[in-house]
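Good morning, colleagues. I would ask you to look at the structure on the screen while I take you through two parts of it.

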Amino acid sequence: MRLKDKVALITGGSHGIGRAVSLRFAREGAKVAIADNEAEALEEINALLRAEGAEVLGVVTDVQSKSQVDTMIDKVTAQWGKLDIVVNNAGICKPSAFLEIMEEDWDRHLNVNLKGAFLVSQRAARDMVHQGTGGSIIQMSSVNGLAAESDQAHYNASKGGLNLLMMSMALELAEYGIRVNSLCPGFIETRLTKPLIENPQAIGTYVKTIPMRRVGQPEDIADAALFMASDESRYMTGHCLVIDGGQLIKLS
Ligand SMILES: NC(=O)c1ccc[n+]([C@@H]2O[C@H](COP(=O)([O-])OP(=O)(O)OC[C@H]3O[C@@H](n4cnc5c(N)ncnc54)[C@H](O)[C@@H]3O)[C@@H](O)[C@H]2O)c1
């Protein structure tokens with residue numbers, strides 16, 4: 001049990017990568033709080049975790065709202081008295097050519113993917129500093145935060161910003177024993193990537209760009225999140241951990 005007695009908060013934990021992280025953490029003994037803006041899916045993952053005997057708290061939250069984020073973290077600390085681990089995973093991606101991006105799409109990507117992570121991180125870090133027992137904050141970034149992909153300028157910018165937010169936090173929070181790191185997944189099979197996955201010809205071509213010749217699974221990322229959350233990564237902070245089957249190392 002690598003997270004026994006730890007309290008972990010995962011945003012966007014109802015689907016995809018966040019769901020796999022929630023399950024992995026709970027199976028390693030963590031008390032798991034999930035914040036998601038989709039109530040029905042949140043109830044479904046909560047019921048699954050409870051059936052496995054996990055201690056779980058689901059709070060319907062839109063991470064773009066400071067008041068909703070504050071209320072959600074109040075509930076977590078009221079329930080368990082502390083917060084040790086945060087995974088800022090809630091995110092959206094709606095591809096659009098740079099010349100076509102609408103202002104509202106730009107705002108929504110930056111608000112959910114970057115401002116949401118800022119709001120949750122700042123409030124959680126303040127609580128962790130007050131607790132005085134350190135913590136691990138994980139930003140679910142992307143390879144798109146390290147290199148540009150076409151039709152994703154707003155998404156790329158949000159994830160690049162998230163990596164610099166992560167480094168800034170790591171710098172200022174190290175003295176409190178709070179570690180802050182990013183995970184940078186490549187192409188992972190979730191509903192976010194469903195349109196490409198369900199197009200056999202397109203996915204066949206795409207997989208050839210991945211040296212390991214397969215798309216990633218949410219569990220591939222959950223294992224990396226467990227490492228970053230646990231004491232096994234105790235001397236790591238300010239790091240971007242790439243989990244992409246080798247995609248980013250390839251020039252052509
Ligand atoms: N799938 C990939 O290939 C991939 C690659 C790199 C990074 N990522 C990142 O991983 C994270 C999870 O993506 P996924 O692929 O599992 O997608 P997903 O759509 O399956 O899951 C995203 C989750 O975030 C929640 N969410 C969205 N907006 C929210 C909001 N405003 N407030 C609270 N919750 C909200 C959704 O309800 C959902 O549960 C995202 O940050 C994404 O950018 C995904």
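Let me begin with a question: does Asp84 count as buried or exposed? Please bear in mind that this is a predicted model. The relative accessibility of Asp84 is 8%, and the cut-off for a buried residue is under 20%, so Asp84 counts as buried. Asp84 lies in the loop between α3 (66-80) and β4 (85-88). Its side chain makes a polar contact, at 3.0 Å, with the side chain of Lys82. Leaving aside residues up to four places away in sequence, Asp84 touches Asp5, Lys6 and Val7, together with Met128, Gln131, Gly135 and Ser136.

I turn now to helix α2, residues 39-51.

Which residues of α2 are buried? They are Ala41, Leu42, Ile45, Asn46 and Leu49. These residues cover an arc of only 135° around the axis, which puts them on the same side of α2. As a reminder, an α-helix has 3.6 residues a turn, so residues three or four places apart point the same way.

What covers that buried set? The covering elements include α1 (16-27), β2 (31-36) and β3 (56-60). On the face of α2 turned away from the buried side, we find the exposed residues Glu40 and Ala51. Finally, just after α2, Gly53 adopts a positive phi of about 90°.

Thank you for your attention.

Technical notes:
Residues are numbered from 1 along each chain as its sequence is written. This is a predicted model: local features need pLDDT of at least 70, side-chain atom pairs count only at pLDDT 80 or more; totals for chains, interfaces and linings use all residues. Side-chain values use heavy atoms; hydrogens and water are left out. Buried means under 20% relative accessible area, exposed over 50%, partly exposed in between (1.4 Å probe, protein chains only). Helices (H or I, at least four residues) and strands (E, at least two) are DSSP runs, numbered from the N terminus. The arc is that of the directions from the helix axis to the C-beta atoms. Contact means heavy atoms within 4.5 Å. A polar contact is a pair of N or O atoms within 3.5 Å; within protein, one must be able to donate a hydrogen and the other to accept it, and residues adjacent in sequence count only if both atoms are side-chain atoms.
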